[in-house]
Structure formats: C-alpha cells, structure tokens
Amino acid sequence: MSGPERPIDLRSDTVTRPSPEMRRAMAEAAVGDDVLGDDPTVIALQDYAAELFGKEAALYVPSGTMSNQIALHAQTTPGDEVFLHAKAHIVENEQGGAAVLSGLQTRTFDSDDGTLDLDLLEHYFHVDDDVHHPRTTLVAVENTHNYCGGVVYPFERVTELRAFCDRHGMLLHLDGARICNAAVATGMALPDIVAPFDSVSVCLSKGLGAPVGSVLLSNAATIARAQRARKLFGGGMRQAGIIAAGGLYALQHNVARLADDHRRARALGERLAQVPGLAVDERKLQTNMVFADTHGTGLPAARVVELLAARGVWALDEAPWSVRFVTHLDLDDEAIERAGDLVADVIGRVVARA
C-alpha cells in the first residue's frame, strides 16, 4: 500500500530540495578555508556571479538578510539615513538590523506596487549642512517585491531613481533576492537589469534552488569592506565550498527555468481568481507568487491556511486577510493543477456553509 501523498508545499520558493545533480556537485566540490580566502569553489562561485551580473566583484554570504545588512554597513556611516519602501524585506523581516548593526535611521515610503515616489524622496532628502538632520546617503529597493505581490520594479522607474541618487550623491542598493525572476519576467539580461545599482544582493536559495546562501555584488572596494563586515556579523565560513557548489550549480542551470514557475503561478492565480470567496489581483501575477484575499470567505487568512493544510496544500498567511502561494522547481504542472482543485474545494465548502 502506498503512503499518503506528499503535501503540495506552496509556502515559499525556499523549500526546494537539491536535485541529484546539485547534490553531486556539492559532494565533489573542492574545498579550502574561505576565511583565509583559499576555498576554490567559493572563489569560482564569486567569479562566476560577478561575470554573470556584470559587476566587478562578489562575496558569498550565508543568507539574504546578511547580504543586505552587509551592503548597508559597508556603504554608510552610523547616523546616516536610508530610504526604503515600507514593506521592504529589510524593514519587515530583518529585525531592525540597519539600526542594530549599523546605527542607521530608516525612512520608509509606502505604495501598492513597491515603487518609491521620487517627489516624496526629494522632499525628505537631507543634506549634511543642517546639524539637526541625519545625512541621507543610500536608497534601497526590492526587485521582485515580495509583500507587494512578487511584482517587478519597472526599469524606467529604476533609471529615474538612479538619476535622483546621482543628483544627490547617494548610493543605490538592490535587494535582488529574486532579481533573476525579474530578469526572466521582463526578458532583460542580468547585467542590464542590475546595472543602475551600486550593490546587489542575489539569493541563491529561493527560486534558484540552492540550499544555502546569497551573493553580494559590487565594486572591488565595496566588496573588500563587505568582507570585513561579513566577519564582524559572524558570517565567516571555512570549507564553504560544499554549499557554494550548490549555489554555483543553481546560477549555471536554474535561471532560465524560472519561466516555468511564472507560468505555473499565473495558471494557479487565474484558477483561484475564479473561486467564489477569493480575490486575486491578476495584474500582479508577474512572477512566481500568488496572493489571494480571503475577505469573501469570511475567514482570516490564518484559518484558511489551516483548512488548506488539512487537505494537503501548504501556504502562508502573509497578512490578516491574504494567503500567499509560491511556485518553485519542486512543483510540476500536475501539482499546481491539483493544488488549484483542492483550494477550490476547500473554499467552496466554506462559502457553502456561510
């Protein structure tokens, strides 16, 4: 007798398991001591990432959070002010690290699509000739933007933001945890989509499927400072080539296939949009995320997530009335179709009882 079906895990694209080929690359990786700078696989990953994204240098770090925080630390001075979106990962999910680790003040601006209003930025920008104000020295944006629906930051808005930063002598950081998704969705080349940014964080353990790590990309001088910050924050690793090999494999093999995740997310989103009680903004079905509003069911998202889990569909309640579904390389067309049917059945029963 066969066992129960494995749950369809749509909680995040971080839940993927290394493929046999990736595991083989990790098992066979040449290693050294990365803190001493002689792990050949880490060096190969950093060199490959820098070339792939068109940046001068790269640094392998344990997580996307550390990558963002290192980027802030290496490019600012304690007491500086940083502009961010109100729902940015740096603000929502990194435990106030900008303040705790680097003594930075963050000023946030909200919008529905994750973009920053340049008129507001212009109004709140502080120069250093008034002793009452912090110096505004860096802007950080997120692409794709998680909490705004996995949407792509329009490139024309990025170029306008770059011009704003140049006008005021500011730096521009990209939390590009899912920048490969943005590049695939727009058809832009990776070097082109990150070209306006002084520093870029790229997560290897989300849609790309590696088990551990991110890379920070910038110029050589910034990466040298970032390397010191990595050690300060406890991110120095020894025989890290074992895990770096997974990241290298991911960059070499798993970028173009993100288009499959996007196609499946759109199919799932369109299916859920037809379910009475759920509301899906189909304009935001741009990459690998689907957000379903649950107001119409009368149940908060947390309760909907519980009901779905009982039927074998795992998702996350990202807001009190919003459930997030994320497609990834461990889920095929059949799994997505079955997930849509199960969600429709669960919600149909809820609505029928209302």
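**View 1. G312 and its contacts.** G312 touches P7 and I8, leaving aside residues up to four places away in sequence; contact here means heavy atoms within 4.5 Å. The model is predicted: local features need pLDDT of at least 70 and side-chain atom pairs count only at pLDDT 80 or more, while totals for chains, interfaces and linings use all residues. Residues are numbered from 1 along each chain as its sequence is written, and side-chain values use heavy atoms, with hydrogens and water left out. You will find G312 in the loop between α13 (301-310) and β10 (313-314). Helices (H or I, at least four residues) and strands (E, at least two) are DSSP runs, numbered from the N terminus. Is G312 buried or exposed? G312 is buried, with a relative accessible area of 18%; buried means under 20% relative accessible area, exposed over 50%, and partly exposed in between, with a 1.4 Å probe and protein chains only. Between G312 and T106 there are 206 residues in sequence and 40 Å in space, taken from C-alpha to C-alpha.

**View 2. The sheet of 3 strands.** This open sheet has the order β9-β12-β11, with antiparallel pairing; two strands pair if DSSP finds at least two bridges between them. β9 and β11 (316-319) stand at the edges with a single partner strand each, so one side of each lacks a neighbour in the sheet. From one strand to the next, the twist averages 35°. Axes are lines fitted to C-alpha atoms, for helices over the stretch in contact, and angles run from 0 to 180 degrees between N-to-C directions. β9 (residues 289-293) is mostly covered, with 4 of its 5 residues buried. Its pairing with β12 (residues 322-326) is antiparallel and has 5 bridges, and M289 has V326 as its bridge partner in β12. On β11, the pairing with β12 is antiparallel over 3 bridges; here the partner of L316 in β12 is R324. Helix α12 (residues 258-273) packs on this sheet, touching β9 and β12, and its direction makes about 15° with that of β9.

View 3. Look for R257 in the loop between α11 (241-253) and α12. With a relative accessible area of 18%, R257 counts as buried. Not counting residues up to four places away in sequence, R257 touches G207, R264, H328 and L329.

View 4. How many of the 11 residues of α3 are buried? The count is 9, so to speak a mostly covered helix; among them are G64, M66, I70 and L72.

View 5. Q75 lies in the loop between α3 and β3, and at 10% relative accessibility Q75 counts as buried. A polar atom of the Q75 side chain lies 3.0 Å from the backbone oxygen of A71. Not counting residues up to four places away in sequence, Q75 touches L138, L171, D198, S199 and T222.

**View 6. The whole protein, for orientation.** The protein has 14 helices and 12 strands. Along its principal axes, the C-alpha trace spans about 65 × 55 × 35 Å. Of the 354 residues, 53% count as buried.

Key: Polar contact = N/O pair within 3.5 Å; in protein donor to acceptor, adjacent residues only side chain to side chain.
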